[in-house]
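Let's walk through this model together, one question at a time.

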Amino acid sequence: MSDIITITNVVKKYGEKTALNGLNLTVREGELFGFLGPNGAGKTTTVRCVTSLTNFQEGTIIVDGHDAVKDQVEAKKVMGLIQQQISLDKDLTIRENMISHAMYHMMNKKDRDAKIKELSDYFDLGEYLDKPVDSLSGGWKKRAAIVCAALHSPKVLFLDEPTSGLDVNARRLLWDIIKLMNQKGTTIFLTTHYIEEAELLCDRVGIIDHGKIIALDTPAALCESVGKYAVEYMVDKNTKYKYFKDQDEAKQFASTLDVSNNVLLRRTNLEDVFVELTGTHVGV
Ligand SMILES: Nc1ncnc2c1ncn2[C@@H]1O[C@H](COP(=O)(O)OP(=O)(O)O)[C@@H](O)[C@H]1O
Ligand SMILES: [Mg+2]
């Protein structure tokens, strides 16, 4: 698999505040990449730097062979972005939003209409296509934003915390469309602070903290790096965690604890990885 995004030593400052502190990251073509980190870690700033929405002071970003600064026009053509705040015109229907997106990307009418039909069929938009965006539920609004962003057939689609604030059903609806988009061959760059989302959806996960990547691998390999088995137990009303590569060793340790310790032996998850690496919980 070749790399489609290469970020090298990127430093981004907002005045005195350093948001990205020498960020290094590569995303492979065709993967569903998860970018996980707590609030303020630098996820949105990374997406904004890669998609040329903001400048940065040091480093380079290459997207599909194009320099995101020097070759911005070409780089932008291969990217689609769904920002945290939906940028669709809420008074217009999904179809009308698609048409204005197509104009922005200078698509001709024939290609545009064919693509609208293809995407509506593929994602089962049917009756929703001609409804004003404002009349749709939160989940459908996000779906509409994804379909619009996909209109110019970007190779990479950036989704910045797409499921924040959505209920469970809306979140599932969105996961389906993200997976479908990826199966169609689009590389997905998904930022999230929901661990289960990264664990369930993503081929590889990068964890960012204080503007730096602190771990990057498949969810399973990240869990193995900490130890596949976790023993969770209480001491003086505080929850403690201990990790083991070997299940028997974990059982052996658990057997030394008392019932009053509320012992739980389970598989390690991404939250454990995060807590081990940073000492804080994701989302706080
Ligand atoms: N426009 C801005 N001006 C000043 N500081 C900013 C701005 N945008 C983000 N920051 C700061 O940069 C850091 C990274 O923010 P951000 O990339 O939005 O994080 P995340 O998306 O992971 O929550 C935070 O400390 C945030 O306060
Ligand atoms: Mg953000």
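Q: Is Thr93 buried, exposed or partly exposed, going by its C-beta neighbours inside 10 Å?
A: Before we start, note that this is a predicted model, where local features need pLDDT of at least 70, side-chain atom pairs count only at pLDDT 80 or more, and totals for chains, interfaces and linings use all residues. Residues are numbered from 1 along each chain as its sequence is written, while chains are lettered from A and ligands numbered from 1 in the order in which they are written. A residue is buried if 20 or more other C-beta atoms, placed from the backbone, lie within 10 Å of its own, exposed if 12 or fewer, and partly exposed in between. Thr93 has 19 such neighbours inside 10 Å, so it counts as partly exposed.

Q: Which residues is Thr93 in contact with, leaving aside its neighbours within four places in sequence?
A: Thr93 sits in the loop between strand 6 (79-82) and helix 3 (94-104); helices (H or I, at least four residues) and strands (E, at least two) are DSSP runs, numbered from the N terminus. Its C-alpha atom is separated by 5.2 Å from that of Asp130, 37 residues apart along the chain. Contact is taken as C-beta atoms, placed from the backbone, within 7 Å. On that basis the partners of Thr93 are Leu129, Asp130, Lys131 and Pro132.

Q: Which element gives the most residues to the shell around ligand 1?
A: A residue is near a molecule if its C-beta atom, placed from the backbone, lies within 6 Å of it, and the residues surrounding ligand 1 include Tyr14, Lys17, Asn39, Lys43 and Thr44. Strand 2 (17-28) and helix 1 (43-50) each supply at least two residues of this shell. With three residues, the one that gives the most is helix 1.

Q: How many nonpolar, polar and charged residues make up the shell around ligand 1?
A: Here Ala, Val, Leu, Ile, Met, Phe, Trp, Tyr, Cys and Pro count as nonpolar, Asp, Glu, Lys and Arg as charged, and the others, Gly among them, as polar. Gly37, Gly40 and Gly42 are among the residues surrounding ligand 1. By class, the shell has three nonpolar, six polar and two charged residues.

Q: Which strands stand at the edges of the open sheet, each with a single partner strand?
A: Four strands form this open sheet in the order 2-1-4-5, with antiparallel pairing. One side of each edge strand is left without a neighbour in the sheet, because each has a single partner; these are strand 2 and strand 5 (66-67).

Q: Which residue in strand 9 is the bridge partner of Phe33?
A: Strand 3 (residues 32-36) has five of its five residues buried, and Phe33 and Phe35 point the other way from Leu32, Gly34 and Leu36. Strand 3 pairs with strand 8 (residues 187-192) in the parallel sense over five bridges. It also runs parallel to strand 9 (residues 204-209), joined by four bridges. In strand 9, the partner of Phe33 is Arg204.

Q: Is Glu161 buried, exposed or partly exposed?
A: Glu161 is found in the loop between strand 7 (156-160) and helix 6 (168-183). Its phi is positive, about 45°, although it is not a glycine. With 20 C-beta neighbours inside 10 Å, Glu161 counts as buried.

Terms used. Pairing = 2+ DSSP bridges. Contact = placed C-beta atoms within 7 Å.
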